[in-house]
Amino acid sequence: MGSEPTPAKPSAQPSAQPSSRLSTEPPAKPLRADAARNRAKVLLAAQEVFAGLGAGASTEEIAKRAGVGIGTVFRHFPTKESLLEAVLGEILAGFAEQARLRTESSDPGRAFFDFFQFVVVEAAAKNAISAELAGAGVDPHAGADEVRQELRGALGVLLARAQEAGVVRADIGLEEVMALLSGTSQAAGNLDVLMRGRVLDVVFDGLREHRS
């Protein structure tokens, strides 16, 4: 029998060399950072639109103000209600920050009354959004618990410091201040600037410590 032919060795292939060409395309931006920026733009635009046109303003108007497509709005906020809830949370966070900024004031009485007035003046958008959510069957007080607690805590500090300074009545509690703030904010939405100022004067007079 003849011997079997020896299989031929495969010829060596030249090893692949890395390409020396560099891509001229710019690196892709991190999607997460882009998404965060777009979300922030939508929230800011929504606050502006709701403040100017009311909580019934369309998502198309918000997308236009934010400079994004309507799909971007719905990607972050699938429903109008979810957008309203997010904006409400942002407004409350802004209130909490304003309260915190005043807790170190050298004039505790002025800090307390300035914050009270700030909330009353700026509460129109918050109240409109709360009403819109309630009309859609969503409890406007159900979300943003952490922010609400921060706001409550900072207001409590403002109240305590004003009372320690002898400016606000010592027999006024935080619950009463919260109720007054809520009621005055609701009423102020239907008043002109002069009448709103008059109402605030009356409320502040009732809160102040009157020494004989």
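User: How many salt bridges does a search of the whole structure find?

Analyst: This is a predicted model, in which local features need pLDDT of at least 70 and side-chain atom pairs count only at pLDDT 80 or more, while totals for chains, interfaces and linings use all residues. Residues are numbered from 1 along each chain as its sequence is written, and side-chain values use heavy atoms, with hydrogens and water left out. With a salt bridge taken as a side-chain nitrogen of Lys or Arg within 4 Å of a carboxyl oxygen of Asp or Glu, the number found in a search of the whole structure is seven.

User: How far apart are the closest N and O atoms in the salt bridge that Glu 97 forms with Arg 100?

Analyst: Helices (DSSP runs of H or I, at least four residues) and strands (runs of E, at least two) are numbered from the N terminus, and because Glu 97 and Arg 100 are three residues apart in helix H4, about one helical turn separates them. Buried means under 20% relative accessible area, exposed over 50% and partly exposed in between, with a 1.4 Å probe and protein chains only. Glu 97 therefore counts as partly exposed at 34%, as does Arg 100 at 36%. In this salt bridge the closest N and O atoms of Glu 97 and Arg 100 are separated by 2.7 Å.

User: Which residues are linked in a network of salt bridges?

Analyst: Arg 100 also forms a salt bridge with Glu 150, where the closest N and O atoms are 3.5 Å apart. This pair links distant parts of the chain, since Arg 100 lies in helix H4 and Glu 150 in helix H6, 50 residues apart. Glu 150 is partly exposed, with a relative accessible area of 34%. The residues linked in the network are Glu 97, Arg 100 and Glu 150.

User: Does Asp 114 count as exposed, partly exposed or buried, and at what relative accessibility?

Analyst: The side chains of Asp 114 and Arg 110 meet in a salt bridge of 3.4 Å, N to O, and both residues lie in helix H5, four residues apart, about one turn of the helix. Arg 110 counts as exposed at 57% relative accessibility. Asp 114, by contrast, counts as partly exposed, its relative accessibility being 33%.

User: With which residues is Thr 103 in contact, leaving aside its neighbours within four places in sequence?

Analyst: Thr 103 sits in the loop between H4 and H5, and with a relative accessible area of 13% it is buried. Its side chain reaches the backbone oxygen of Arg 100 at 2.7 Å. If contact means heavy atoms within 4.5 Å, and neighbours within four places in sequence are left aside, the partners of Thr 103 are Ala 154, Val 157, Leu 158 and Arg 161.

User: Around what arc do the buried residues of H6 lie?

Analyst: The buried residues of H6 are Val 147, Leu 151, Ala 154, Leu 155, Leu 158, Leu 159 and Ala 162. They are on the same side of H6 because the arc they cover around the axis, taken from the directions from the helix axis to the C-beta atoms, is only 140°.

User: Which helices do the buried residues of H6 pack against?

Analyst: The face of H6 turned away from its buried side carries the exposed residues Glu 146, Gln 149 and Glu 164. The buried residues of H6, on the other hand, pack against helix H4 (80-102), helix H5 (108-135) and helix H7 (174-188).

User: At which residue does H5 bend?

Analyst: H5 has 28 residues and reaches 39 Å from its first C-alpha to its last, close to the 40 Å expected at 1.5 Å a residue, where the expected span is 1.5 Å times one less than the number of residues. The bend at a residue is the angle between axes fitted to the seven residues ending there and the seven starting there. By that criterion H5 bends by about 55°, and the residue is Ala 123.

User: How far apart in space are Glu 175 and Gly 156, C-alpha to C-alpha?

Analyst: Glu 175 is found in helix H7 and counts as exposed at 52% relative accessibility. Glu 175 and Gly 156 are 19 residues apart in sequence, and their C-alpha to C-alpha distance in space is 9.4 Å.

User: What percentage of the residues of the protein count as buried?

Analyst: The protein has eight helices and zero strands. Among contacts between residues at least 6 apart in sequence, 71% join residues at least 24 apart. Of the 212 residues of the protein, the share that counts as buried is 32%.

Methods: Polar contact = N/O pair within 3.5 Å; in protein donor to acceptor, adjacent residues only side chain to side chain.
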